[in-house]
Amino acid sequence: MVRIDGPAGLPADEVVFGISRVMEAVKQRALKICRTDLAVLLVGEGGTGKEVLARWLHANSRYASGEFVKVNCAAIPGSLLESELFGHEKGAFTGASAAKPGRVEMAHQGTLFLDEIADLDLSLQSKLLHFLQDGFFSRLGDQSERSVATRVICATGRSLEDEIVAGRFRADLYYRINVLKIAMPRLADRREDIPQLVEYFRRVHSRQFEKECEPFAPELLSYLQNLPWPGNLRELSNCIARYIVVGAEGLLQRDAVRARPALPVGQQGSQVGARSLKEIAREAIREMERNAIIEALRANHWNRRKAAQELKISYRALIYKIRDAGLVVKRPAGPARSGNTPASA
């Protein structure tokens, strides 16, 4: 059974890292990094779990007893971000009726997590660089310097190298935050982890919505493993939440729904009412499996054994699914071929 909670409110390690080879490499690198004081840069597409890994690094560091302080550099306007980061003194600007410490001070003896670091204004990049170099900073409206001891973790979904070339990011700041780097893989590159993640999100959202939900059937898991997941873990979590709230139709992706032929207006109500959610899901699964098989066969020049390896199923299971999906495998004319030879579907 998949455990929901690990230490510090995080998912258990088997959920964070899964069982895939790519995430095992991430885990081994994280284990080497977590006990150091060096800056860490997390890169990867949106929704790949960069913040979860940042919290894991904090929970397993010597700063774990301190605060984990997050700053989303893309969500706070540049005019306000400097005050948010470094704080201000009374009267520093209009509306500053009292002194206020910034997120940097709040992260003393803890971890400062700078999310979407690529969106940091150039004017602030210089001040952040100064702080990272010697640990000193000044509040807005204050001439004196303060110092803190904090672990800094940055994250981005953009290429900082491209941002440097475009003149939007300082190269010296990049080298300062890129001491240790971890690249988070896309969900499509770690499909072996999807069953565990589905079970984790099922239990989390069942508790959130106070609604019972049975474990997913193997055919539903197979359907989910064959989806592209451009939104990665965030999209998967939302999909499971929809399933718990509205049922099996919540698993259908928009593309799959659009692919269904439209019914005449007069027939829509009766047809929908006559079909159960399980039937809808079963039909979607069948169609997605059929498309995945065709794509795998085409990618492997119709070699069914190689296609089976790519789909991570046995050769016999592939032949069964080909027949079950209504695909007709035609052998080219000529001498008889073995199961390893190409076939067309």
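Colleague: What does contact mean when we read this predicted model?

Modeller: Contact means heavy atoms within 4.5 Å. In this predicted model, Ser-138 touches Phe-86, Lys-127, Gln-143, Ser-144 and Glu-145, with residues up to four places away in sequence not counted.

Colleague: Where is Ser-138 placed, and is Ser-138 buried or exposed?

Modeller: Ser-138 belongs to the loop between strand 4 (136–137) and strand 5 (146–147). Buried means under 20% relative accessible area. Ser-138 has a relative accessible area of 16%, and is therefore buried. A polar atom of its side chain lies 3.1 Å from the backbone oxygen of Ser-144.

Colleague: Which residues touch the most other members of the largest nonpolar core?

Modeller: They are Leu-114, Ile-117, Phe-131 and Ile-177, in a core of 30 residues. Several elements give two or more residues to this core, including strand 1 (40–43), helix 4 (78–86) and helix 8 (171–177). Helix 6 supplies the largest share, five residues.

Colleague: What is Phe-131 in contact with, leaving aside neighbours within four places in sequence?

Modeller: The partners of Phe-131 are Phe-86, Val-104, Leu-112, Phe-136, Phe-137, Val-148 and Thr-150. Another core, of 27 residues, lies apart from the largest one, and Val-198, Leu-224, Tyr-243 and Met-288 are among its members.

How values were computed:
Residues numbered from 1 in each chain as written. Predicted model: local features only at pLDDT ≥ 70, side-chain atom pairs only at ≥ 80, totals over all residues. Heavy atoms only, no water. Core = buried A, V, L, I, M, F, W, Y, C linked by side-chain atoms within 4.5 Å. Buried < 20%, exposed > 50% of the residue type's maximum accessible area, 1.4 Å probe, protein only. Helix = DSSP H or I, 4+ residues; strand = E, 2+ residues; numbered from the N terminus. Polar contact = N/O pair within 3.5 Å; in protein donor to acceptor, adjacent residues only side chain to side chain.
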